Amino acid sequence: MNIELLANLSYIVSAALFIFGLKMLGSPATARRGNMFSSLGMLIAVVAGLTAEGIVSYEYIAGGMVIGTIIGALAARLVGMTSMPEMVALFNGSGGAASLLVGWATLYGGSIETFTAVTILLAILIGGLTFTGSLIAYAKLAEVMNSAAIVFKGQRLVNSLLLAGIVYAAYMFCLDPQADSQWLYITLGLALLLGVMAVIPIGGADMPVVISLLNSYSGIAACAAGFAINNNILIVAGSLVGASGIILTNIMCKAMNRSLANVLFSGFGAVKQGKAIEGEVKPVSVEDAYYLFEAASNVCFVPGYGMAVAQAQHVVKELGEILEANGCEVSYAIHPVAGRMPGHMNVLLAEADVPYEQLVEMDDINPRIENVDIAVVIGANDVVNPSAREDEDSPIYGMPIINVDQARTVFVLKRSMASGFSGVDNPLFFGENTRMLFGDAKESISGVISEFG
Amino acid sequence: MEIVFLIFILVLSIFLGFELISKVPATLHTPLMSGANAISGITLAGAFLAAGMVDSEMGKYLGTAAVAFATINVVGGYMVTDRMLGMFKSKKAGGK
């Protein structure tokens, strides 16, 4: 049988395995096996790829694979769950870089038709901007650089010029597609610059959107590379990834009640300030908190990024178990944009061994929030801010929130009275049924646990 | 005709992707992203062609770098996804 046909048949098998793998990701019970299926699909595609006609020297391939395996395996083993967003940002970037390089290398393969030239260019363009965009996203998440939005006068003009420059350079390149064309280097340079320019105006709180979007771009880049080299499996896999990124982006935007354009082009917050809030903050001591916990029959934890920073997930889980042993119903309500990437809090709580049945979504908890005796807000702020519901002047007005203020009692664990990521005041802290538990979240909860003793 | 055929595949895969992924629960969104990262490492299959070509030194270097980057995605992506999914435990399965 001819080898090319065999390779293509293997691609069909691996595409089926990818699809099956994604389908099994629909439930935590089957997800791990799904990932196995997906990786098996990848193995088949890789082996099939290695048999492709035209490959003569395997030393370079082996060298590249060894380097990649070492870096990838080390990264996957060593990364802490708290820094998962940074890790995914870097993976997005390396996916973009790979597509860029495949597109570029294809130019050295001989004469090129116009359609191929266009797809190569798209791979370089999208791959390039995914690469630098992801590096900036990484730097912001890891706080290597200031995570606030960087906005300057004339930013839109600069970006429009940049875009026009890319289109022109790309057009000139397609007229005469050669590997050593100066237009190629210009396009590449501008694409890399565009990635930087696109991510710097986006503030830290909007990172979940950016990561999802870059995830989608890395898939689209793979798709473009697939067109460039006429390879089905790249197109199928790339568009699955592209679709996944777009769906997540959409969910994130909805959860913040903002349009994608608004996230991408405007720095957050500074525009207008909501009503000043008046009222009294009622602090509570660890002992008093204990008495309330002891008497509660329904407790709901609402975690935010602050929980990750304080590394409080393990003590939270410990408290949850004690409460359960005490006959209390325990759940963990997770807002879609809590944390720095979609699903970030879920992973942290899973790491702390919280069974996934107890992780509930915002839409599930809100209708029954009145039955919750104590809602414990740990390191979350904007996602529980009632101004989003009540104050039309608030910058976050309209954003769906977890209505903890409607629970019987709310404990807010907080270091100090500073406002959240978006810089918006939170009337929840002044609420009638709110008690503030000041101090490090981990220490406060450990304190309550030792009271249970 | 070849092009039309490829676009046909593209369109169908996009629809399929939307169908599949909108069924993934929010709890699994982080593993979904890292798993998607691993899948986008499929560029590896294309990188082989570029890295294994003999006729151009430059093309070979670019291809090798592409192989390395894509392998990071494949190996790192699947491993970290597996690590995460291993943490999701059910109550019944002794998830204490």
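User: Contact means heavy atoms within 4.5 Å. On that basis, which residues does A:Trp104 touch?

Analyst: This is a predicted model: local features need pLDDT of at least 70, side-chain atom pairs need 80 or more, and totals for chains, interfaces and linings use all residues. Residues count from 1 along each chain as written, chains are lettered from A and ligands numbered from 1 in the order written, and side-chain values use heavy atoms, without hydrogens or water. Leaving out residues up to four places away in sequence, A:Trp104 touches A:Ile124, A:Leu184, A:Tyr185, A:Leu188, B:Met58 and B:Leu62.

User: Which residues touch the most other members of the largest nonpolar core?

Analyst: A:Trp104, A:Phe293 and A:Phe301, out of 146 residues. Such a core is a set of buried Ala, Val, Leu, Ile, Met, Phe, Trp, Tyr and Cys joined through side-chain atoms within 4.5 Å. Buried means under 20% relative accessible area, with a 1.4 Å probe and protein chains only.

User: Which helix gives the most to it?

Analyst: Helix α4 of chain A, residues 84–106, with 11 residues. Helices are DSSP runs of H or I, at least four residues, numbered from the N terminus.

User: Switching to α4(B). Is that helix enclosed or open?

Analyst: Largely enclosed by the rest of the structure, because 22 of its 29 residues are buried.

User: And how do α11(A) and α17(A) cross?

Analyst: At roughly 65 degrees, with axes coming within 9 Å. Axes are lines fitted to C-alpha atoms over the stretch in contact, and angles run from 0 to 180 degrees between N-to-C directions.

User: Which residues meet there?

Analyst: From α11(A), they include A:Tyr290 and A:Phe293; from α17(A), they include A:Val448 and A:Phe452.

How values were computed
Buried means under 20% relative accessible area, exposed over 50%, partly exposed in between (1.4 Å probe, protein chains only). Helices (H or I, at least four residues) and strands (E, at least two) are DSSP runs, numbered from the N terminus.
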